[in-house]
Each structure stands twice: as structure tokens, then as C-alpha cells.
Amino acid sequence: MGVAAGPIRVVVAKPGLDGHDRGAKVIARALRDAGMEVIYTGLHQTPEQIVDTAIQEDADAIGLSILSGAHNTLFAAVIDLLKQRDAEDILVFGGGIIPEADIAPLKEKGVAEIFTPGATTASIVDWVRANARQPAEA
């Protein structure tokens, strides 16, 4: 894994049919305000669109927001596509309405972290800073 130049780049995405994006926008803004470059994909993205965007934008991380209950399928699809595209160095984290029982299996599939309701924006920013590829020192 190389060291990224410039600020940490994060794709924030809303996969699937979930139409509620307030939380994703709050996280996108918090990451941006913390000095990261954020690419927000908008609603109703397919896993293929999300992975394509992350690769095209040279993203260090993908943040997925899911409230629809399709997290097991959609998170796994993004992870699988990253593997197929030889882009496993892109960190995947997520949040939303995800039952506690589903968190460990998602992490086993390769999701680095799950943030559930009540997680603070500061904790998410701190986690991304500590875990995403770090920018090279100028």
C-alpha cells in the first residue's frame, strides 16, 4: 500500500434503494471540515458505481451509509468488487441502522469499522484519520 499525497480522500456513498441521506451528508461535511477531500456520490448508487468512483477519484476510503437493512448484501458487494479490481487498499467503513449481530460478520468480510446511531462525528473523523492511508509529508 502506497502513501497518498495530499489530504485523505473519502467517497461517501448511499448504496441501494435507501433514500435517506441526511446522515451521509452530515458525515461528509464533518470529514470535509476536518480537512479531508470528500466525494459524495448521492442517492441510489450501485456497488459498481461506488467502486468505480472510488478508483477514479483515487480514494483512500469509502464510507457507506445504509438504513434500508440491505447492509449485508451491499457492503459485501463493495468489498468483493474492490478485490476484483485490485483495489483492496481502499478502506471501507460504514454506518446506519445495523444490528449488533451483523457487525462481526461484516468485519470478517472486510469492512474495517461500523458506526451505529449515536456515534459522534468527531469519533468518525478521528477513526478515518487513524486508519486511512496517511498523506505524505510535504
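Reader: How do the residues of the lining of the largest pocket divide into nonpolar, polar and charged?
Author: This is a predicted model, in which local features need pLDDT of at least 70 and side-chain atom pairs pLDDT 80 or more, while totals for chains, interfaces and linings use all residues. Residues are numbered from 1 along each chain, and side-chain values use heavy atoms, without hydrogens and water. With Asp, Glu, Lys and Arg as charged, Ala, Val, Leu, Ile, Met, Phe, Trp, Tyr, Cys and Pro as nonpolar, and the others as polar, the lining divides into 11 nonpolar, 10 polar and three charged.

Reader: What is the volume of the largest pocket?
Author: A pocket is an open set of 1 Å grid points where a 1.4 Å probe fits, with protein on both sides within 12 Å along at least five of seven lines. The space filled by probe spheres on these points has, for the largest pocket, a volume of about 360 Å³.

Reader: Which residues lie closest to the centre of the largest pocket?
Author: Lining residues have an atom within 4 Å of a point, and 24 residues line the largest pocket. The closest to its centre are Gly23, Ile27, Gly95, Gly96 and Ile124.

Reader: Which element gives the largest share of the lining of the largest pocket?
Author: Elements are DSSP runs: helices (H or I, at least four residues) and strands (E, at least two). Helix H1 (22-33), strand E3 (61-66), strand E4 (91-96) and helix H5 (121-131) each give two or more residues. The largest share, five residues, comes from H1.

Reader: Which element gives the most to the lining of the second largest pocket?
Author: The second largest pocket holds about 160 Å³ of space. Of its 16 lining residues, Glu88, Asp89, Ile90, Leu91 and Val92 are the closest to its centre. Helix H3 (71-84) and E4 each supply at least two lining residues; with three residues, the most comes from H3.
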